[in-house]
Amino acid sequence: MDEQTLAKQLDDVTYRNIRIGFRWAATISLIILLMIVGPIWLNGIKENALYLDRSWTQYSFQAIVYLIGIALYYSQSPPQQWRKTATLYALLFGISWALAIYHIAFIGQMWPSAEIAADLIMMTSLLGFYALRQAVYAAIFPVLLVSTWANYIEAGHLLLLPIEKVLAICIIVETGRRTLYRWFYNSVEKDHENQRLVKKLSDLATKDQLTNLYNRRFFEYEIDKHCHLAKRNHLPLSVILIDIDHFKHYNDNLGHPAGDLCLKRVARTLQKSLLRTSDSVSRYGGEEFIIILPNTHLEGAKKVAERIHRTLQQEAIPHPSSTVNNFVTLSQGITTWKTQKGPEQLVQEADDQLYKAKEAGRNQYKAA
């Protein structure tokens with residue numbers, strides 16, 4: 001389960017990282033584009049109208065691509081197949097810059113400027129998209145291809161220098177990407193481990209270790225909260241206090257390991273009987289359990305008690321030393337919060353009703 005949770009968290013954080021990367025890379029690209037367009041446009045006016053027209057077409061296309069990058073992925077949660085979309089956008093990003101570098105080098109005849117632009121864009125792609133390997137290479141490959149071709153032409157059709165540069169760039173990009181991703185992955189893993197430890201500590205503080213139900217500390221916090229909400233919002237609130245009939249005899253006859261197993265089975269029965277996520281059951285102490293039923297009138301609480309009774313009958317846990325039944329049974333005391341009651345009075349009244357259920361022969365509930 002932890003590995004699945006880590007994988008899901010890694011996917012979510014990668015998505016958020018790519019969202020930020022798209023916007024950052026697109027914003028940087030727009031700035032670089034403005035720095036390139038000014039001089040080229042002025043030089044183009046001096047030279048010929050055809051060059052100027054090509055500049056406007058090329059850089060208008062690029063501006064649209066980068067505006068798409070800024071607007072892409074505004075959803076907070078990852079949409080379906082977002083990785084494919086991210087890779088396709090990275091490829092479009094790379095192609096747009098590859099065309100620009102071609103324009104600068106082969107049409108504008110500004111070879112050094114083309115090389116500087118190519119290096120800047122490859123670095124931007126690495127820093128912006130490193131969390132997703134396919135996006136990094138989709139963005140870098142078109143730029144690397146055109147810049148290598150430009151180097152080959154500028155070097156007088158000599159292969160050695162362009163090949164050396166390609167190899168060096170590939171090594172730098174892959175090494176940088178792995179280093180950045182390792183930092184990224186370690187950060188996510190550490191955050192996941194911290195969350196796991198916090199949850200574990202929270203469970204230790206609020207869960208009963210034997211039955212995996214909530215413990216008495218959790219109950220006391222919850223009952224205070226729900227009494228306050230009931231008073232403020234004029235809502236009903238019911239409590240059921242439950243005791244396993246003759247549980248001491250069960251332990252004496254079958255032993256404490258069997259008693260622990262019985263407590264676990266009863267706990268599962270109680271959890272199964274609660275149909276709303278707002279309801280909670282806690283181990284109150286020993287063989288006693290207590291249920292909080294927010295926004296529930298007395299009649300609704302009685303229905304829950306009857307459901308618990310039926311579910312436990314179906315469970316049929318043998319109790320050879322019971323004077324009530326051959327199987328484990330429960331006595332239940334039910335009460336509903338009223339304005340004049342505080343949490344202590346509410347629990348006390350539920351305990352009074354539980355006592356009445358035991359006095360009446362057990363294996364039943366009493367309510368008031």
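Student: Let's start with a helix pair: how does H4 pass H5, in a left-handed or a right-handed crossing?
Tutor: H4 passes H5 in a left-handed crossing. A crossing is left-handed if the near helix is turned anticlockwise from the far one by less than a right angle, and right-handed if clockwise. Helices (H or I, at least four residues) and strands (E, at least two) are DSSP runs, numbered from the N terminus. Before we go on, this is a predicted model, where local features need pLDDT of at least 70, side-chain atom pairs count only at pLDDT 80 or more, and totals for chains, interfaces and linings use all residues. Residues are numbered from 1 along each chain as its sequence is written, and side-chain values use heavy atoms, leaving out hydrogens and water.

Student: What angle do H4 and H5 pack at?
Tutor: About 165 degrees, with the axes of H4 (residues 111–129) and H5 (residues 133–154) 9 Å apart. Axes here are lines fitted to C-alpha atoms, for helices over the stretch in contact, and angles run from 0 to 180 degrees between N-to-C directions. H4 and H5 are therefore roughly antiparallel. Angles under 35 degrees count as roughly parallel, over 145 as roughly antiparallel, 65 to 115 as roughly perpendicular and the rest as oblique.

Student: And which residues meet there?
Tutor: Among them are Trp111, Glu115 and Phe129 from H4, which meet a group in H5 including Val136, Leu144 and Asn151. By class, this contact of H4 with H5 has 14 nonpolar, three polar and two charged residues. Contact means heavy atoms within 4.5 Å. For the classes, Ala, Val, Leu, Ile, Met, Phe, Trp, Tyr, Cys and Pro count as nonpolar, Asp, Glu, Lys and Arg as charged, and the others, Gly among them, as polar.

Student: Is Asn151 buried or exposed?
Tutor: Asn151 has 9% relative accessibility, so it counts as buried. Buried means under 20% relative accessible area, exposed over 50%, and partly exposed in between (1.4 Å probe, protein chains only). Leaving aside neighbours within four places in sequence, Asn151 is in contact with Glu115, Pro162 and Lys165.

Student: New topic! How do H8 and H9 cross?
Tutor: At roughly 135 degrees, and the axes of H8 (residues 247–254) and H9 (residues 256–273) come within 7 Å. That angle makes H8 oblique to H9. Phe247, Tyr250, Asn251 and Leu254 of H8 make the contact with His256, Ala258, Gly259, Cys262 and Leu263 of H9.

Student: What about strands? Where is Ile334?
Tutor: Ile334 is in strand E4 (residues 330–336), and it is buried, with a relative accessible area of 0%. Ile334 and Ile240 are 94 residues apart in sequence and 4.5 Å apart in space, C-alpha to C-alpha.

Student: Last one: which loop holds His234?
Tutor: The loop between helix H7 (216–233) and strand E1 (237–244). Most residues other than glycine have a negative phi. Phi of His234, though, is near 55 degrees, a positive value. His234 counts as exposed at 72% relative accessibility. Ala316 has a positive phi as well, near 50 degrees, and lies in the loop between helix H10 (298–315) and E4.
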